[in-house]
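Good morning, and thank you for making time for this presentation.

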Protein chains: 2
Amino acid sequence: MHYGLALIGFGGVNRGLVEVLLLKKQILKQNFDIELSIVSISDMYLGYAADENGLDLEALKDLPSEKGALSIFPNGKTESDNDAAICAKATDIVVEATFTNPNDGEPAVSHCRTAISNEKHIVTTNKGPVALFGNELGELAQAQNTGFEFEGTVMSGTPVLGFVSSNLKACTINGFRGILNGTANFVLQQVEGGASMTDAIKIAQELGYAEADPTADIEGFDVMLKVVILANQLLGANLKTKDVIREGIVNISEDKIRSAKEEGKHWKLIGQASINDDGTISASVSPICLSAEDTLSSISGPINAIAFDTDLLGTVMVSGAGAGRIETAYALLADILKIDEMKKSK
Amino acid sequence: MHYGLALIGFGGVNRGLVEVLLLKKQILKQNFDIELSIVSISDMYLGYAADENGLDLEALKDLPSEKGALSIFPNGKTESDNDAAICAKATDIVVEATFTNPNDGEPAVSHCRTAISNEKHIVTTNKGPVALFGNELGELAQAQNTGFEFEGTVMSGTPVLGFVSSNLKACTINGFRGILNGTANFVLQQVEGGASMTDAIKIAQELGYAEADPTADIEGFDVMLKVVILANQLLGANLKTKDVIREGIVNISEDKIRSAKEEGKHWKLIGQASINDDGTISASVSPICLSAEDTLSSISGPINAIAFDTDLLGTVMVSGAGAGRIETAYALLADILKIDEMKKSK
């Protein structure tokens, strides 16, 4: 089976996908009978390029990060053209990897809507559309018989959504607790080690873990989006971001963090949701002091983890990288494989 | 789709499967369009019962553990009849859950061979046939176009084999390290807490974690079988048990265990295998002193965990129950669902 991919956004993640496709070309063909080509790329900074026979992956891998760089390709343009990329006949799967907009999800939400209404499959690493309109987009996709997959929105390529849908599918998930932001986790560990909260955030920024504005990580907004995605997808909830109680890490005193550590305990920013006895869902992001025995307490630095509370297996936990361009690109590939399976089983 | 199950062995695990089938009957029908009935049971102590329309699950759930108890069913017998159960026309899937024989794998190996040669699918929780003859049985099953699944041989129902085959299938697995025996893990923790090795083993026996003869757990034989199963299945190896370097936990001094703990380190019995640069596989079971930062170091008590070393995702870890009748029965159900998927995708 051959799939033409339209890449919307050509930052770290979709550049990572180019590398992954180069690395895995043979295995995809041999093991899964899949050929993937990139038939278009649209990026607000780099411009636009399209080739229904597939753009050259080696050239894409080495593309400089210069304004309009995609215009070097035949028929390339210095301006983006998202709609052309999404709607082209050669496009089978839209790969949405633009930046997350936590307010209204745009322009990614529009990319998703355009893709689905044009009967294109869509895979995305963008938390905006999934956290804000995930259930609605999922229903639209189902009605159009297209795939809408988003493994990379939570814990990069570490399998979470796919883990549940493949491996826990005969279990009932009653809730989950997770460490879903590596930056906050790293900062807390630095404070445990003696740094002030302010210095710890600076170190995280210097190491490239935290953005120039660290609010999303430190105040729990990033985890809030992930909790909504997980609760809606895994617990059958219909949460909005306002339904999640949110508290960041900056108000925990440094002394509290350090004296906990001396007792073998660890403060962690925990995102969680669970089904109440009356069927409602409670969801929160908040700093919690975990005992040494807690499976999540030893999750350190940029590692993320999620513990599922299941009916038949008790607590099952998955941990792994929470970020990274190649790791997140792997999530896109996993989503594409899922769409391929869906198509082949029909 | 309807499947008739023949249960070979009716101890804790297959009794657990009866409970799971009762619990999940509706979901299996609604979500997966699957109906499962138990068309026969053969057990060396309880005897034999068969009904091509399905034995009554409630009656099976309450079956007393008395010699010949299965003879209460119409046409039931006080003696087992494994071949009759395996070969019956009504049998689609053989569920092998007899005790592990680590020496020659019998009689489970024969059950597997008989099932496969009669074109029956087989799911098993028995480490014997899989560790000793897994590759050969897998090839036989493939040639006969039957399923041969064994998720429950490692970490009970916590997804391990299914995790890799579903979720890491586009990764290369370069190796793994795991805590794969809850009894050894529990004993080491008791010693950390001040108990002598001898007393710790006694406590494990009193709590039902360890067998009357604790050798398999304490000396690493149980983990050795699991390492062979994982290496052969996940790394494409063809290991025999003699290829695994094995060392149990009894020779670590109690002082060493306790002083490590004071430094935040933990001695764990680690089963591991990895692919060497020349393509050969190294595999071992041995006690290792893990630093606090090691993802495996906080895995406590009866919990098991495995960390996979992958090319694209770095280290990915799964942890959960390492034993338990319902948990292990879930593995059988997961295997049955996998066989159903295989059938439906053809």
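I begin with N75(A), which sits in the loop that joins helix 2 (57–61) to helix 3 (82–87) of chain A. Helices here are DSSP runs of H or I with at least four residues, strands are runs of E with at least two, and both are numbered from the N terminus.

Before going further, the basis of these values: this is a predicted model, in which local features need pLDDT of at least 70 and side-chain atom pairs count only at pLDDT 80 or more, while totals for chains, interfaces and linings use all residues. Residues are numbered from 1 along each chain as its sequence is written, chains are lettered from A and ligands numbered from 1 in the order in which they are written, and side-chain values use heavy atoms, with hydrogens and water left out.

To return to N75(A), its phi is near 65°, a positive value in a residue other than glycine. Is N75(A) buried or exposed? With a relative accessibility of 71%, N75(A) counts as exposed; the cut-offs are under 20% relative accessible area for buried and over 50% for exposed, with partly exposed in between, using a 1.4 Å probe and protein chains only.

M155(A) also has a positive phi without being glycine, here near 55°. Its place is the loop between strand 6 (148–149) and helix 6 (161–167) of chain A. At 1% relative accessibility, M155(A) counts as buried.

Next, the cis peptide bonds. In chain A, the bond from E106(A) to P107(A) is cis, with omega near 0°, and P107(A) belongs to the loop between strand 4 (93–96) and helix 4 (108–117). In chain B, the bond from E106(B) to P107(B) is cis with omega near 5°, and P107(B) is in the loop between strand 4 (93–96) and helix 4 (108–117) of that chain.

I turn to helix packing. Two packed helices are described by the angle between their axes and the distance between the axes. Axes are lines fitted to C-alpha atoms, for helices over the stretch in contact, and angles run from 0 to 180 degrees between N-to-C directions.

In chain A, the axes of helix 4 and helix 5 (residues 127–144) come within 10 Å and cross at roughly 5°. Helix 4 and helix 5 of chain A are therefore roughly parallel, a label for angles under 35 degrees; over 145 counts as roughly antiparallel, 65 to 115 as roughly perpendicular, and the rest as oblique. Residues that meet there include C112(A) and I116(A) from helix 4 and F133(A) and L137(A) from helix 5 of chain A, where contact means heavy atoms within 4.5 Å.

Helix 1 (residues 12–32) and helix 12 (residues 325–344) of chain A pack at about 45°, with axes 8 Å apart. That makes helix 1 of chain A oblique to helix 12 of chain A.

In chain B, the axes of helix 1 (residues 12–32) and helix 12 (residues 325–344) come within 8 Å and cross at roughly 45°. Helix 1 and helix 12 of chain B are therefore oblique to each other.

Finally, the interface. How many residues of chain B are in contact with chain A? There are 36, and they touch 36 residues of chain A. The two chains bury about 3,200 Å² between them, 60% of it on carbon and sulfur atoms; buried area is the accessible area (1.4 Å probe) that two parts lose on being put together, summed over both. On the chain B side, K169(B), L312(B) and Y330(B) lose the most area to chain A, together 21% of what that side buries.
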